Amino acid sequence: MNTTQEYNTVIQHCQDLFIKKTKDYGTAWRILRLPSITDQIYIKAQRIRTLEIKKVSKVGEGILEEYIGIINYCIIGMIQLELGEEGEENLDPNFVNEKYNEKVTETRDLMFAKNHDYGEAWRDMRISSLTDLILMKIHRVKQIEDNDGETIASEGIRANYQDMLNYAVFALIKMGLANTK
C-alpha cells in the first residue's frame, strides 16, 4: 500500500474529469456562492448515505461518482474562497488546472501531516464512517457560513473542505479506484 501513489491516482482520475467538464461547460461554477457549493457537497454526501443504506440506485450513477463529485466540489470551494465569489466568471482551463493542482498539493500535504500523527487509521475505517465524517464536516461548514465565516476556536471553511476532500479520496482508495489505472 503506497498512500502517495494511491492518492495521486485517485486525484488524477478526478482532475481529468474536472478539466474535461471545464472544457465542455467552461467555469459556470464561478457563479456559485460558497453556501451553494456546500449544499452541492451535502447533496452528494447525503445521496451516498442513502445508497449505503438502501443498497440500490435508481438513477444509474453510484457511490463512486458521488465521491468524485465531492472531491471536485471541494476544489471548487477552495478556489472560490481564494478568488472570491465576485469576479471573472470565465477562467482559462490552464489557469483552472493550475489552481486545481495547487489546492490538491496543499490538501495532500495536510493529509500526510495528519497521517503521520494518526498512523493511517483511515485504512481500518468503514467507508460509511467516512461518509458520516463528510456529513458532519458539511454541518460544521454550514454553521460557519451562517456565522459569516467567523469562528472562535475552530478551523475555518477551507480546512473543512480539505478534510472532506481527503475523506472522499480515502473512500475511493478503499473502493479500489486507485487500483484501476
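# Notebook: helix packing and salt bridges

**Entry 1: helix 1 against helix 4.** I started with helix 1 (residues 3–25) and helix 4 (residues 93–118), whose axes come within 11 Å and cross at roughly 155°. That makes helix 1 roughly antiparallel to helix 4. My note on the terms: angles under 35 degrees count as roughly parallel, over 145 as roughly antiparallel, 65 to 115 as roughly perpendicular, and the rest as oblique. The axes are lines fitted to C-alpha atoms, for helices over the stretch in contact, and angles run from 0 to 180 degrees between N-to-C directions. Helices are DSSP runs (H or I, at least four residues), numbered from the N terminus.

Before going on, I wrote down that this is a predicted model, where local features need pLDDT of at least 70 and side-chain atom pairs count only at pLDDT 80 or more, while totals for chains, interfaces and linings use all residues. Residues are numbered from 1 along each chain as its sequence is written, and side-chain values use heavy atoms, with hydrogens and water left out.

Back to the pair: helix 1 passes helix 4 in a right-handed crossing (the near helix is turned clockwise from the far one by less than a right angle). Then I looked up who touches whom, with contact meaning heavy atoms within 4.5 Å. On the helix 1 side I found, among others, Tyr-7, Ile-11, Cys-14 and Phe-18, and on the helix 4 side residues including Tyr-100, Val-104, Met-111 and Phe-112. The residues of this contact between helix 1 and helix 4 split into 11 nonpolar, nine polar and one charged. For the classes, Ala, Val, Leu, Ile, Met, Phe, Trp, Tyr, Cys and Pro are nonpolar, Asp, Glu, Lys and Arg are charged, and the others, Gly among them, are polar.

**Entry 2: helix 3 against helix 4.** Next I checked helix 3 (residues 63–83), which packs with helix 4 at an angle of about 105°, the axes being 10 Å apart. That makes helix 3 roughly perpendicular to helix 4. The contact includes Ile-71, Ile-75, Met-78 and Glu-82 of helix 3, and Phe-95, Lys-99, Tyr-100 and Val-104 of helix 4. I sorted the residues of the contact of helix 3 with helix 4 into eight nonpolar, two polar and four charged.

**Entry 3: salt bridges.** How many salt bridges does the structure hold? I got 14, using the rule that a side-chain nitrogen of Lys or Arg lies within 4 Å of a carboxyl oxygen of Asp or Glu.

I use buried for under 20% relative accessible area, exposed for over 50%, and partly exposed in between (1.4 Å probe, protein chains only).

Glu-106 and Arg-158 also meet in a salt bridge (2.7 Å, N to O). Glu-106 is in helix 4 and Arg-158 in helix 6 (residues 157–174), so here the tied parts are 52 residues apart in sequence. I have Glu-106 as partly exposed at 26% and Arg-158 as partly exposed at 38%.

For Lys-137 and Asp-163, the closest N and O atoms are 2.7 Å apart. Lys-137 lies in helix 5 and Asp-163 in helix 6, so the pair links parts 26 residues apart in sequence. Buried or exposed? Lys-137 is buried, with a relative accessible area of 4%, and Asp-163 is buried at 5%.

**Entry 4: Val-141.** I found Val-141 in helix 5, buried with a relative accessible area of 0%. Leaving aside its neighbours within four places in sequence, Val-141 is in contact with Thr-38, Ile-157, Asn-160 and Met-164. Val-141 and Ile-157 are 16 residues apart in sequence and 5.7 Å apart in space, C-alpha to C-alpha.

**Entry 5: positive phi.** Most residues other than glycine have a negative phi. Glu-120 has phi near 55° and lies in the loop between helix 4 and helix 5, partly exposed at 24%. Asp-148 has a positive phi of about 55° too; its place is the loop between helix 5 and helix 6, and Asp-148 counts as exposed at 67%.

Methods:
Helices (H or I, at least four residues) and strands (E, at least two) are DSSP runs, numbered from the N terminus.
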